[in-house]
Amino acid sequence: NSPYLFSAAEDKTVKCWDLEQNKVVRHYHGHLSGVYCAALHPTLDVLITGGRDSTARVWDIRSKNQVHVLAGHTNTVVALGTQRADPQVVTGSMDNTIRYWDLAKGERTVSLTNHKKSVRAVTIHPFEYTMASASADNIKKWKFPRGEFLMNMQGQNAIINAMAVNQENVLATGGDNGSLHFWDWKTGYNYQTTQIA
């Protein structure tokens, strides 16, 4: 199997690149506006994309067919997460909400409305069945499958555009002001801060 890379762009295009041949091998068409995020499902051959048309779209990687349109957000979908267990898809939007989706039915199961500002990033813990979301107001941690609120993490004082958590329970968050914070996933304690020039 050749390694593949998926790219999304402001011009509505989603492309699959064959990295060995250094060329585009598939296009996915359907978004009505710019595409801001993409995520591969960990076990199924599907790609999920989110865009300025307020939707997330589920694609069959090989056939390029659009399987579902996950509609309901009222602003740009800028963050995605996928996992094996339900909910298999999580979306974060500039409408300040997070939504959980049933991938088999293509339907929303839960809406989380606790953020007061745009949700710019989400991350799913690799084995704990929890997730975190980030906004300019703070970071919030949630429990699956119903989205029970667990805790706030505060102190970065930036719009957080990227976040990731590893198996050692280290959460890393990157802000638009160049700040990089490291948090303990269990307690929410911010134990290291770095400013990138």
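**Figure 1. Cys-16 and Cys-37 in the predicted model.** Cys-16 is buried, with a relative accessible area of 0%. In this predicted model, Cys-37 also counts as buried, at 10% relative accessibility. The structure holds zero disulfides, and Cys-16 takes part in none, the nearest cysteine sulfur being that of Cys-37 at 17 Å. A disulfide requires two cysteine sulfur atoms within 2.5 Å. The sulfur of Cys-37 is therefore too far for a bond, since its closest cysteine sulfur, in Cys-16, lies 17 Å away.

**Figure 2. The open sheet formed by S12, S13, S14 and S15.** Four strands make up this open sheet, in the order S12-S13-S14-S15, with antiparallel pairing. Strand S12 (119–124) and strand S15 (148–153) are the edge strands, each pairing on one side only. From one strand to the next, the twist averages 25°. Five bridges join S12 to strand S13 (residues 130–135) in the antiparallel sense. Val-122 has Ser-133, in S13, as its bridge partner.

**Figure 3. The salt bridge between Arg-62 and Asp-45.** The structure holds four salt bridges. In one of them, the side chains of Arg-62 and Asp-45 meet at an N to O distance of 3.5 Å. This pair links distant parts of the chain, 17 residues apart: Arg-62 lies in the loop between strand S6 (55–60) and strand S7 (66–71), and Asp-45 in the loop between strand S4 (35–40) and strand S5 (46–51). Asp-45 counts as partly exposed, at 43% relative accessibility.

**Figure 4. The salt bridge between Asp-53 and Arg-57.** The side chains of Asp-53 and Arg-57 meet in a salt bridge, with an N to O distance of 3.2 Å. Both residues, Asp-53 and Arg-57, are buried.

**Figure 5. The salt-bridge network of Glu-128, Lys-141 and Lys-186.** Salt bridges link Glu-128, Lys-141 and Lys-186 in a network. Within this group, Lys-186 forms a salt bridge with Glu-128, and their closest N and O atoms are 2.8 Å apart. Lys-186 is located in the loop between strand S18 (179–184) and strand S19 (190–195), whereas Glu-128 is located in the loop between S12 and S13, so the pair ties together parts that are 58 residues apart in sequence. Lys-186 counts as partly exposed, at 48% relative accessibility. Glu-128 is likewise partly exposed, with a relative accessible area of 22%.

Definitions and conventions. Residues are numbered from 1 along each chain as its sequence is written. This is a predicted model: local features need pLDDT of at least 70, side-chain atom pairs count only at pLDDT 80 or more; totals for chains, interfaces and linings use all residues. Side-chain values use heavy atoms; hydrogens and water are left out. Buried means under 20% relative accessible area, exposed over 50%, partly exposed in between (1.4 Å probe, protein chains only). Two strands pair if DSSP finds at least two bridges between them. Helices (H or I, at least four residues) and strands (E, at least two) are DSSP runs, numbered from the N terminus. Axes are lines fitted to C-alpha atoms, for helices over the stretch in contact, and angles run from 0 to 180 degrees between N-to-C directions.
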